[in-house]
Amino acid sequence: MKSRSIRFVVTVSLVMLGAVSLPLLSVSNAFAQVSDNASAAPMTNADVVKLAKLGFDSDVIKSKIDQSPAVDFKLGINDLGNLKHAGVPQDVISDMLKRASGGGASAAGPGRSGSMSVEGMAALKMGDVTMVTKDGNVHLLGINGTISTRNAFVTVLEFQDYPGTAATVRTHDTRPSFTVYTTNNPKGSIYIASLDVNNGDQNRSLKMGNSGFGSIKNAGAPDKDNQIPYDAVQIDNSGQWRLTPTKDLKPGEYGVLHGSLYDFGVDR
């Protein structure tokens, strides 16, 4: 009789344990599903910046981009500038643009084609500025400035200061032209501007905005006195444009302001 009772207790216990194990297994599966969902979140700009700041090289970051099931990259002009300033390599940014537009740097995944939109091509080549002169073509490199301000009567003037008193690239051509990439007419967003040389500070300054009594207008653009008028002609359907000053440039320091400043100098 005693052995039967023991067998009954053991049987009931096993049944109870089996009943309990089912909800426990379901909870475990739920956590696994949450983990899978989290790992499937689209890769973002922040993820790329994090990998770059952790010191991973370009090949590793590009592999991660291509292997991600989905991406949610923000690749407007300002976003590209932020990526560059955060230290993301140019080839990684190029891969982000390819992936976002349907392409890929390595093997293409399902549903990904190798074509790129005009917007993607223009963004990819945003930093591609070439000076065309009678002596040949020169690829210009972008530099970034620092902001300084100066008090002037009732207003504050803002300047972008660039290192050095003279650009490395020089030309004797007083009417050079420039090829740039943009999806829209460049007038109002890309500028050819003259720079003021500051020998004391060993730099060149670009006055920003149009100053008035107590205010500065068009703060993101060079002052109208520093802007060089130009004609803009679209070269092809890839977003390439040619900018040509409407008058000869005097000897001095200049630059094409297209996010960064692509500086050059004109000599006698």
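Let us begin with T179, a residue of strand β9; strands here are DSSP runs of E with at least two residues, helices are runs of H or I with at least four, and both are numbered from the N terminus. The model before you is predicted, so local features require pLDDT of at least 70 and side-chain atom pairs count only at pLDDT 80 or more, while totals for chains, interfaces and linings use all residues. Residues are numbered from 1 along each chain as its sequence is written, and side-chain values use heavy atoms, with hydrogens and water left out.

Is T179 buried or exposed? T179 has a relative accessible area of 8% and is therefore buried; buried means under 20%, exposed means over 50%, and partly exposed lies in between, with a 1.4 Å probe and protein chains only. Setting aside neighbours within four places in sequence, T179 is in contact with D128, V129, T130, V132, I235, Q240, W241 and R242, where contact means heavy atoms within 4.5 Å.

I turn now to the nonpolar cores. A nonpolar core is a set of buried Ala, Val, Leu, Ile, Met, Phe, Trp, Tyr and Cys residues joined through side-chain atoms within 4.5 Å. The largest has 17 residues, of which L140, F178, I192, L243, V256 and F264 touch the most other members. Strands β3 (129–133), β9 (177–181), β14 (240–245), β15 (252–258) and β16 (260–266) each supply at least two residues of this core, and β16 gives the most, with 3 residues. A second, separate core of 16 residues includes I61, L80, L83 and V92. Returning to I192, its contacts beyond four places in sequence are F178, N226, Q227, I228, Y230, L243, P245, G255 and V256.

Next, the helices. Two packed helices are described by the angle between their axes and the distance between the axes. Helix α3 (residues 58–67) packs against helix α5 (residues 90–100) at about 10°, with the axes 9 Å apart. The two helices are therefore roughly parallel. Axes are lines fitted to C-alpha atoms, for helices over the stretch in contact, and angles between N-to-C directions run from 0 to 180 degrees; under 35 degrees counts as roughly parallel, over 145 as roughly antiparallel, 65 to 115 as roughly perpendicular, and the rest as oblique. On α3 the contact is made by S58, I61, K62, I65 and D66, and on α5 by D91, V92, D95, M96 and R99. These residues divide into 4 nonpolar, 1 polar and 5 charged; Ala, Val, Leu, Ile, Met, Phe, Trp, Tyr, Cys and Pro count as nonpolar, Asp, Glu, Lys and Arg as charged, and the others, Gly among them, as polar.

Finally, how many salt bridges are there? The count comes to 7, a salt bridge being a side-chain nitrogen of Lys or Arg within 4 Å of a carboxyl oxygen of Asp or Glu. One of them joins D267 to R170 at 2.8 Å, N to O. D267 lies in the segment after β16 and R170 in strand β8 (residues 170–171), 97 residues apart. R170, E253 and D267 are linked in a network of salt bridges. D248 forms a salt bridge with R175, the closest N and O atoms being 2.8 Å apart. D248 is in the loop between β14 and β15 and R175 in the loop between β8 and β9, so this pair ties together parts 73 residues apart in sequence. D248 is partly exposed at 45% relative accessibility, and R175 is partly exposed at 36%.
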